[in-house]
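Me: Got a structure to go through with you. Can we keep it quick?

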Amino acid sequence: MGLQAIAERITAAEVQTGRAPGSVQLIAVSKLQPLDRVEAVLTAGHRLFGENYVQEAAGKWPALRDRFGAVKVHMIGPLQTNKAKAAFGLFDAIHTLDRPSLAEKLAKLAQQHGSCPALYVQVNTGAEPQKAGVLPDDADSFVETCRAMDLPIRGLMCIPPEDQPPAAHFAELAAIAERNGLSGLSMGMSADFEQAIAHGATHVRVGSAIFGARVV
Ligand SMILES: *Cc1c(COP(=O)(O)O)cnc(C)c1O
């Protein structure tokens, strides 16, 4: 598939759904990918990546940033509170803020640093017990809690259930964002990013369709 093909499909989806060209950002999800594939995408000029694990990102991105210059890396995997400090130095955004204890930790770090990565609240739109994220019914109050801590909440993120059509989940996330005055919508992966764009995604997170199957 490759970077170029995905970029073209994003542009086509923007045009088809009346979105401004360039209004959707492509996060190239590089978790568990061999370094040569990541280097190839960097060499092609792409500068926005997503990672799931603090340790993997810490082992990869400082050196790549030295070589390729300003690269933005977003944390899209679950974040343990005891890794929040390390995450602060590594990531430009965190898409997985999902609980008060993590919000409190991030607020403390933000005070110490005088800055904070852009934050997205993860919403468990399918109410799946094994999945992270606040429940849809709790989203409004959690956003309010985070704002009361002066955290820079940019938007919402979701991962729809694998066994359901994603459109209703994208629509619900967009509705929650709208009523909370949030403009950022992190939704859509390799299999469904065009649908996510149709529902207002501002950030799509695409891994395997760019890099090929992950090596685990
Ligand atoms: C791995 C991952 C992706 C990318 O998945 P693909 O199916 O490879 O595009 C997107 N979002 C999250 C949260 C992920 O963990």
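What follows is a short chat about this chain.

Reply: First, the ground rules. This is a predicted model, where local features need pLDDT of at least 70, side-chain atom pairs count only at pLDDT 80 or more, and totals for chains, interfaces and linings use all residues. Residues are numbered from 1 along each chain as its sequence is written, and side-chain values use heavy atoms, with hydrogens and water left out.

Me: How many helices and strands does the chain have?
Reply: Nine helices and eight strands. Helices (H or I, at least four residues) and strands (E, at least two) are DSSP runs, numbered from the N terminus.

Me: What is the radius of gyration of the chain?
Reply: The chain has 17 Å, which agrees with the value near 17 Å for a compact globule of 216 residues. The radius is taken over C-alpha atoms, and the globule rule is 2.2 Å times the number of residues to the power 0.38. The C-alpha trace spans about 40 × 40 × 30 Å along its principal axes.

Me: What share of the residues counts as buried?
Reply: 50% of the 216 residues. Buried means under 20% relative accessible area, exposed over 50%, partly exposed in between (1.4 Å probe, protein chains only).

Me: Which domain does UniProt give?
Reply: The unreviewed entry annotates residues 4–214 as "domain: Alanine racemase N-terminal". UniProt positions are in the numbering used here, feature names are shortened, and annotations may be inferred rather than shown by experiment. That span is 45% helix and 17% strand, and its end C-alpha atoms lie 19 Å apart.

Me: Which modified residue is in the record?
Reply: UniProt places "modified residue: N6-(pyridoxal phosphate)lysine" at Lys31, again from an unreviewed entry. Lysine 31 is found in the loop between strand 1 and helix 2 (35–43).

Me: Is Lys31 buried or exposed?
Reply: Buried, with a relative accessible area of 15%.

Me: What is lysine 31 in contact with?
Reply: Leaving aside neighbours within four places in sequence, lysine 31 is in contact with Gly50, Glu51, Asn52, Tyr53, Glu56, Lys60 and Arg214. Contact means heavy atoms within 4.5 Å.

Me: Switching to strands. Which strand does strand 1 pair with?
Reply: Strand 8. Four bridges join strand 1 (residues 25–29) to strand 8, and the two run parallel. Two strands pair if DSSP finds at least two bridges between them. Isoleucine 27 stands opposite arginine 205 in strand 8.

Me: Are the faces of strand 8 covered or open?
Reply: Both faces of strand 8 (residues 203–206) are covered. His203 and Arg205 are buried on one side, Val204 and Val206 on the other. In a regular strand the side chains alternate between the two faces of the sheet.

Me: And what about strand 6?
Reply: Four of the five residues of strand 6 (residues 153–157) are buried, so strand 6 is largely enclosed by the rest of the structure. Four bridges join strand 5 (residues 118–122) to strand 6, running parallel. Tyrosine 120 stands opposite glycine 155 there.

Me: How many aromatic pairs?
Reply: One. Phenylalanine 49 and tryptophan 61 form a tilted pair, 4.8 Å centre to centre with 45° between the planes. Phenylalanine 49 is in strand 2 (residues 48–51) and tryptophan 61 in helix 3 (residues 54–68), twelve residues apart. Rings of Phe, Tyr and Trp (its six-membered ring) pair if their centres lie within 6.5 Å; planes under 30 degrees apart count as stacked, over 60 as edge-to-face and the rest as tilted.

Me: Are those two buried or exposed?
Reply: Phenylalanine 49 is buried, and tryptophan 61 is too.
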